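The exercises below are meant to be worked with the sequence and the model open side by side. Please try each task before reading its solution.

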Amino acid sequence: MSWLKWFEVRGKSIFHLSYSFHRLTGLVLVLYLVMHLSYLTSLTFGREVYETFIATTVTPTFLIFDILLVLVGVFHGVNGLRLILHEFGLAYDARRPILYLSYLIAFVLWLYASYKLYTFVMGV
């Protein structure tokens with residue numbers, strides 16, 4: 001199957017892997033959007049049903065999924081900005097340092113957002 005080659009990592013550059021991960025995170029975000037919109041349609045079934053869903057998902061159990069979703073979103077956004085820079089031919093000579101800088105920025109933003117999310121959910 002030719003689509004499985006998309007997940008092949010041997011012999012690929014770090015730029016190719018970052019682009020592949022960018023596409024994968026995009027698919028995860030689209031899947032989340034569909035789930036989120038279907039979740040919001042529970043409002044049509046009444047306020048009690050919606051509040052039951054809210055009470056279920058705003059718990060420490062679901063916190064890990066929220067933190068992973070933040071990682072996917074932050075990486076996709078920061079890496080997307082990096083890809084836009086390269087598409088316009090800006091800073092092309094500094095591709096590798098910009099790639100590592102984008103990883104660092106995404107990691108720091110993810111840690112900060114995860115901390116804020118944790119303190120909100122846990123009530124710390």
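This is a predicted model: local features need pLDDT of at least 70, side-chain atom pairs count only at pLDDT 80 or more; totals for chains, interfaces and linings use all residues.

## Overall fold

**Exercise 1.** Describe the order of secondary structure elements and the overall dimensions of the protein chain.

*Solution.* Counting the elements gives 4 helices and 0 strands. The next step is to consider the dimensions: the C-alpha trace spans about 55 × 40 × 25 Å along its principal axes. The radius of gyration of the protein chain is 18 Å, whereas a compact globule of 124 residues would have a value near 14 Å. Turning to contacts, residues 24 or more positions apart account for 68% of those with a separation of 6 or more. Finally, the protein chain exposes about 9000 Å², of which carbon and sulfur atoms supply 73%, while buried residues make up 25% of the 124 residues.

**Exercise 2.** Is Trp-110 buried or exposed, and how is its ring arranged relative to that of Phe-107?

*Solution.* The cut-off for a buried residue is a relative accessible area under 20%. Trp-110 therefore counts as buried, since its relative accessibility is 18%. Phe-107, by contrast, has a relative accessible area of 44% and so is partly exposed. A search of the whole structure finds 4 aromatic pairs. One of them joins Phe-107 and Trp-110 in a tilted arrangement, with 6.0 Å from centre to centre and 50 degrees between the planes. The two residues are separated by about one helical turn because they lie 3 residues apart in helix H4.

**Exercise 3.** Where does Ser-18 lie, and which residues does Ser-18 touch?

*Solution.* Ser-18 belongs to helix H1, which covers residues 14-40. With a relative accessible area of 1%, Ser-18 is buried. Leaving aside residues up to four places away in sequence, Ser-18 touches Phe-75, Asn-79, Arg-82, Leu-99 and Tyr-103. Two of these names, Phe-75 and Tyr-103, return in the aromatic cluster, where ring pairs link them with Phe-21.

**Exercise 4.** Over which ring does the charged end of Arg-95 sit?

*Solution.* The charged end of Arg-95 sits over the ring of Phe-15, at 4.3 Å from the ring centre.

**Exercise 5.** Between which helices does Ala-94 lie, and how far apart are Ala-94 and Leu-109 in sequence and in space?

*Solution.* Ala-94 lies in the loop between helix H3 (60-87) and helix H4 (95-122). Its relative accessibility is 29%, so Ala-94 counts as partly exposed. The separation between Ala-94 and Leu-109 is 15 residues in sequence, and in space it is 22 Å, taken from C-alpha to C-alpha.

Conventions: Residues are numbered from 1 along each chain as its sequence is written. Side-chain values use heavy atoms; hydrogens and water are left out. Buried means under 20% relative accessible area, exposed over 50%, partly exposed in between (1.4 Å probe, protein chains only). Rings of Phe, Tyr and Trp (its six-membered ring) pair if their centres lie within 6.5 Å; planes under 30 degrees apart count as stacked, over 60 as edge-to-face and the rest as tilted. A charge sits over a ring if NZ of Lys or CZ of Arg is within 6 Å of the ring centre and within 35 degrees of the ring normal. The radius of gyration is taken over C-alpha atoms; the globule rule is 2.2 Å times the number of residues to the power 0.38. Contact means heavy atoms within 4.5 Å. Accessible areas come from the Shrake-Rupley method with a 1.4 Å probe; for residues, only the protein chains shown count as cover.
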